[in-house]
Amino acid sequence: MKLNLKQIEAFVWVADLGSFRKAAARLHTTQPNISGRIAALETALDARLMERDAGSVRLTSQGQKLLNYARKVIFSVDELIDAADQNILLNSTLKLGVTEMVVNTWLRDFLKRLKELYPEVIVELTVDVSVKIEQELTTRSIDLALQNEPFVYQTTGNVDLGTYPIIWVASPALNLHKNKSVTPDEMSAYPILTHSRDTRLYEEVSNHFIQRKPHTRLVPSSNLAASLHMATDAMGVASVPAVMVAEELKSGELVQIHYPWAPESLHFLARYDVESASRLIIKAAQIAGEIAKGNN
């Protein structure tokens with residue numbers, strides 16, 4: 001029986017995800033198809049590659065030995081396509097995880113550039129807070145994360161996406177922008193609109209006001225855009241990355257508030273696992289770095 005690329009690809013994904021079901025979802029096929037590909041590969045190699053227990057999969061010693069060679073086959077195909085300058089032959093899926101700030105700033109430019117270079121690649125997008133994006137990355141549910149620090153887990157592949165200062169904004173109707181320096185009393189007279197509870201931004205804002213004005217009304221939201229809508233409608237004061245409100249500040253819908261404290265700037269990275277990353281993932285991370293630099 002002959003080897004083929006689909007069998008090798010199935011082997012790598014089952015090994016990485018630890019599941020036939022997850023590998024099938026990743027490769028847009030059925031679990032029986034994945035099982036068939038692995039069985040055919042084991043027959044061709046005359047080797048037992050995996051042990052299947054209830055609900056789990058583990059590599060045999062032979063499977064562990066051959067996994068790196070299987071990866072090299074996949075990487076070599078990527079290199080062949082790249083060397084031939086035929087990116088149109090790359091017909092795959094990039095699972096991308098991003099935070100809301102990226103969505104509301106330069107994600108569109110990034111996706112357009114990626115489409116120009118890899119016209120047949122499909123991007124599956126997950127938008128969430130950074131801590132959840134990181135969880136998706138560590139379980140291989142996504143290939144590439146565009147997210148901000150802090151991180152619990154370190155990755156071997158990192159591309160700097162820049163640092164984004166946080167500022168305070170509000171509707172001009174609140175008249176807070178007329179003060180050269182807004183006091184905690186003046187700030188706490190209004191609801192403080194900030195990011196959701198499982199973010200560093202919320203934690204810093206919460207700690208700051210607890211120490212100064214314990215009864216400050218904090219209004220966390222998993223959607224920063226919604227917070228900005230509320231701020232525009234004079235429903236509170238918002239702490240957001242400055243880059244997200246450039247247009248609103250220019251138009252006068254929002255104004256910057258001169259409060260002497262703000263949360264630390266957000267530092268963003270494109271993160272991936274070097275060992276398992278395809279050339280597409282590595283190139284996508286590099287593109288993200290270029291686009292972010294041009295928009296920062």
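Trainee: Is Glu124 buried, partly exposed or exposed?
Mentor: The model is a predicted one. Buried would require a relative accessible area under 20%, and exposed one over 50%. Glu124 has a relative accessible area of 28%, so the residue is partly exposed.

Trainee: Which residue meets the side chain of Glu124 in a salt bridge?
Mentor: Side chains of opposite charge can pair when their charged atoms come close. Here the N to O distance is 2.5 Å. The partner of Glu124 is Lys95.

Trainee: How many residues apart in sequence are Lys95 and Glu124?
Mentor: Lys95 is buried, with a relative accessible area of 15%. Lys95 lies in strand E3, whereas Glu124 belongs to strand E4 (residues 122–127). The pair therefore ties together parts of the chain whose separation in sequence is 29 residues.

Trainee: Which residue forms a salt bridge with Arg26?
Mentor: Arg26 is in helix H2 (residues 20–26), and the pair links distant parts of the chain, 117 residues apart. The partner is in the loop between H7 and E5. The closest N and O atoms are 2.6 Å apart, and the partner is Asp143.

Trainee: Is Asp143 buried or exposed?
Mentor: The cut-off for buried is under 20% relative accessible area. Arg26 has 9% relative accessibility and so counts as buried. With 5% relative accessibility, Asp143 also falls under the cut-off, so Asp143 is buried.

Trainee: What is the N to O distance in the salt bridge of Arg140 and Asp16?
Mentor: Arg140 is in the loop between H7 and strand E5 (144–148), and Asp16 is in helix H1, 124 residues apart. Arg140 is buried, at a relative accessible area of 15%. The two side chains meet with an N to O distance of 2.9 Å.

Trainee: What is the volume of the largest pocket, and which residues are closest to its centre?
Mentor: Rolling a probe the size of a water molecule over the atoms shows where empty space is left. The largest pocket has a volume of about 790 Å³. Of its 30 lining residues, the closest to the centre are Glu9, Trp13, Leu27, Asn91 and Ser92.

Trainee: How many residues of the lining of the largest pocket are charged?
Mentor: Helix H1 (5–17), helix H4 (61–83), strand E3 (93–98) and helix H12 (279–295) each supply at least two residues of this lining. The lining holds 14 nonpolar and 7 polar residues. The charged residues number 9.

Trainee: Which residues are closest to the centre of the second largest pocket?
Mentor: The second largest pocket has a volume of about 400 Å³. Of the 26 residues that line this pocket, the closest to the centre are Val129, Ser130, Asn148, Thr199 and Arg200.

Trainee: Which residues form a nonpolar patch on the surface with Val103?
Mentor: Val103 is found in helix H5 (residues 100–103). Its relative accessibility is 35%, so Val103 counts as partly exposed. Together the residues of the patch have about 210 Å² of accessible area, and those beside Val103 are Leu125 and Val127.

Note on methods. Residues are numbered from 1 along each chain as its sequence is written. This is a predicted model: local features need pLDDT of at least 70, side-chain atom pairs count only at pLDDT 80 or more; totals for chains, interfaces and linings use all residues. Side-chain values use heavy atoms; hydrogens and water are left out. Patches are made of residues with over 30% relative accessible area and no salt bridge: like charges are joined within 9 Å, nonpolar side chains (Val, Leu, Ile, Met, Phe, Trp, Tyr) within 5 Å. Accessible areas come from the Shrake-Rupley method with a 1.4 Å probe; for residues, only the protein chains shown count as cover. A salt bridge is a side-chain nitrogen of Lys or Arg within 4 Å of a carboxyl oxygen of Asp or Glu. Helices (H or I, at least four residues) and strands (E, at least two) are DSSP runs, numbered from the N terminus. Buried means under 20% relative accessible area, exposed over 50%, partly exposed in between (1.4 Å probe, protein chains only). On a 1 Å grid over the protein atoms alone, a cavity is a set of points where a 1.4 Å probe fits but cannot get out, and a pocket is an open set with protein on both sides within 12 Å along at least five of seven lines; lining residues have an atom within 4 Å of a point. Grid points are joined across faces, edges and corners, and a volume is the space filled by probe spheres set on the points. Ala, Val, Leu, Ile, Met, Phe, Trp, Tyr, Cys and Pro count as nonpolar, Asp, Glu, Lys and Arg as charged, and the others, Gly among them, as polar.
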